[in-house]
Amino acid sequence: MHNVDLFLKYLPVFIPVLIIELVLMLTALIHVLRHPNYRFGNKVVWILVVVFIQIIGPVVYFVFGRGEEE
Amino acid sequence: MNILEIEGLKKKFGSHQVLDGLTIHVPEHSVFGFLGKNGAGKTTTMKIVLGLLKADAGEIRVCGERAVYGQTKTNRFIGYLPDVPEFYSYMSAVEYLRLCGRITGMSEKEIRRMSGELLELVGLKGVKKRIGGYSRGMKQRLGIAQALFHEPKLLICDEPTSALDPVGRREVLEIMEQVREKTTVIFSTHVLSDVERICDRVAVLNDGKSVMEGTLEEMKEKHKKDSLLLEFPRKELLKQFVEEPIFQNLLSRAKLEGCQVIIHAKDIEQAEAELIRGLNETRLMPSRLEILEPSLEGLFMEAIQ
Amino acid sequence: MRAYTAYTAKELTEFTRTYKLLIIGLVFLLFGIMSPLAAKFMPELLTSFMPEGMQITIADPTALDSWMQFEKNISQIGLFVIVIVMSGMMAGEYSRGTLVNILTKGLPRRTVILSKFTAAVLLWTGAYLVCFGTAYAYTWFYWRKTVNTPGLTEAAFALWFFGVFLVAVTILGGVLVRTSYGTLLFTGLAVVAQFLLNMIPKVEKYNPIQLAAGGTPLLQGQLEAGSLVKPMIVAGACTVGCVVAACAVFHKKKL
């Protein structure tokens, strides 16, 4: 069986997973863009981390990268 | 009654003796100015009173009860405002005050009443945003509100104005003036004009000891008035005055400045009489004649010599 | 008591507003979904990636595989995420000086620690329940009757208990070292120490890490549930010990 077929076949099952990953990514991304002061790193770095590292990226951003509320 | 008594307080940081037998008594219903150079030990003293630091020796009584390090019992009498108060930035002012109220065991009704009253007093009523977005001045004012929340008998403020701009400073001083009817206030500072504006008692801290203590009047009284200021409308008149032989006796310890001359004398009344007699004879008319009050700055500089 | 509930409520508010609840909730929900799915579809994925002509036989996935995935995911990444998030609990208060105000109001220092521990355990328990519930629902959906694998309750409870123990260690670390990285390191070292101790056969029977490591063999029927009793007693004692020690140390800390 071809990989793409396999992916399409099980797509409905994986939709919740994709949604959760997307929600995590988007909340983190919005926060990165709206609060441009970070404990370390800069905007570009955090956007890359949040968008391209699944799950752990947003977690690391919120725990370590998020600056104080202004 | 003394609300706070500090007897022979000693504290050493490493080899540096910060406090060396400090003794201070703060009577009820006063605004007590705690003066000293930066690093004189003002904050250390306050932290010891609050039980945040351990003293090497000495005794502290708050409302007659002994304060002990690590225990927070006497803190129920005290409201504390640190120099840069820090709050949970994700809370609003109302939420923070509610947390304070619950911690001190106030009823929900009382919490609502006090929050309304105090936020009104410090001008933060209706401010909905979270504390993280506050300015320095707003934080300081919220700091006063939280310090007064459990209606303490003693309000301790550590340099409440030094981190503020002139507007913020005036607001904070005004609030502290309003508060004096309800509670005793101790505040540390190195800004003398703040002290002159709101304090009625002062202690000057130097080398770990209180080198001068009393009401502002008492202190000024003790350091007797010994200066006369004389101002002439024109410089030529001043020159004429200085050259007049009749005044030479007085001018032996004088200081000239612009159109003014300041005369120092041991017996100020006798000097004044002599001066007026001389002025009458020479027909030299000054535009101003004044006995100078000793300034707090002068007293302070003298005390910490 | 009111101060305790008030401060615990403050901690829970902090979780919500600093996105910690969101992160942990979503991550654990994700694990709840992924564990059964991975078990269900892994064999098919594996075969599809195999080179043409290569023959391997993979048994049909069962509910047991799903629960083994669950144990593996939570005991590794799940606990790691929990510890990362909790590592800032004390460090944040120390570094920003926010406790000075609260303590001068007469809140006992002990209450600060107990409240933080309570809130952290509540968050961990909530996240764990969400994760377990989701995994249970998916496992039931795919395997129906076999969802209640023998030893499941014991294994799940042991893993939860280990999480509570780890939270207590993290709180103690936070009080001791003052920074979040230091706290992470402290908890990390505590776990590494347990792994090392596991090499000594006599210690293994009592080692709290068995609660996390023993889940899979328990589900596979290679381990008696009774053998987790001793590690659980030790972990319980250590949890209490950590909290008591944290209170004692915090009493002496300068702020």
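Figure 1. Between chain C and chain B, about 2600 Å² of area is buried, with carbon and sulfur atoms giving 56% of that. Buried area here is the accessible area (1.4 Å probe) that two parts lose on being put together, summed over both. The size of an interface is often given in this way, as the accessible area lost when the parts come together. On the chain C side, C:Arg2, C:Arg17 and C:Lys105 lose the most area to chain B, together 28% of what that side buries. The contact (heavy atoms within 4.5 Å) takes 34 residues from chain B and 28 residues from chain C.

A note on all the views: this is a predicted model, in which local features need pLDDT of at least 70 and side-chain atom pairs count only at pLDDT 80 or more, while totals for chains, interfaces and linings use all residues. Residues are numbered from 1 along each chain as its sequence is written, chains are lettered from A and ligands numbered from 1 in the order in which they are written, and side-chain values use heavy atoms, leaving out hydrogens and water.

**Figure 2. A salt bridge between C:Arg2 and B:Glu108.** Look here for the closest N and O atoms of the pair, which are 3.1 Å apart. The count of salt bridges between chain C and chain B is 2; the term stands for a side-chain nitrogen of Lys or Arg within 4 Å of a carboxyl oxygen of Asp or Glu.

**Figure 3. The side of chain C that touches chain B.** Helices α1 (2-17), α4 (88-96), α5 (99-104) and α12 (229-252) of chain C each supply at least two residues of this side. Helices are DSSP runs (H or I, at least four residues), as strands are (E, at least two), numbered from the N terminus. The largest share, 8 residues, comes from α1(C).

Figure 4. You will find B:His150 in the loop between α4 (136-147) and β7 (154-158) of chain B. B:His150 counts as buried because its relative accessibility is 15%, and buried means under 20% relative accessible area (1.4 Å probe, protein chains only). Its side chain reaches the backbone oxygen of B:Ile78 at 2.9 Å. Not counting residues up to four places away in sequence, B:His150 touches several residues, including B:Asn75, B:Thr104, B:Met106 and C:Lys105.

**Figure 5. Chain A and its helices.** Chain A has 3 helices and 0 strands, running α-α-α from the N terminus on. Of its 70 residues, 40% are buried.

Conventions:
Buried means under 20% relative accessible area, exposed over 50%, partly exposed in between (1.4 Å probe, protein chains only). A polar contact is a pair of N or O atoms within 3.5 Å; within protein, one must be able to donate a hydrogen and the other to accept it, and residues adjacent in sequence count only if both atoms are side-chain atoms.
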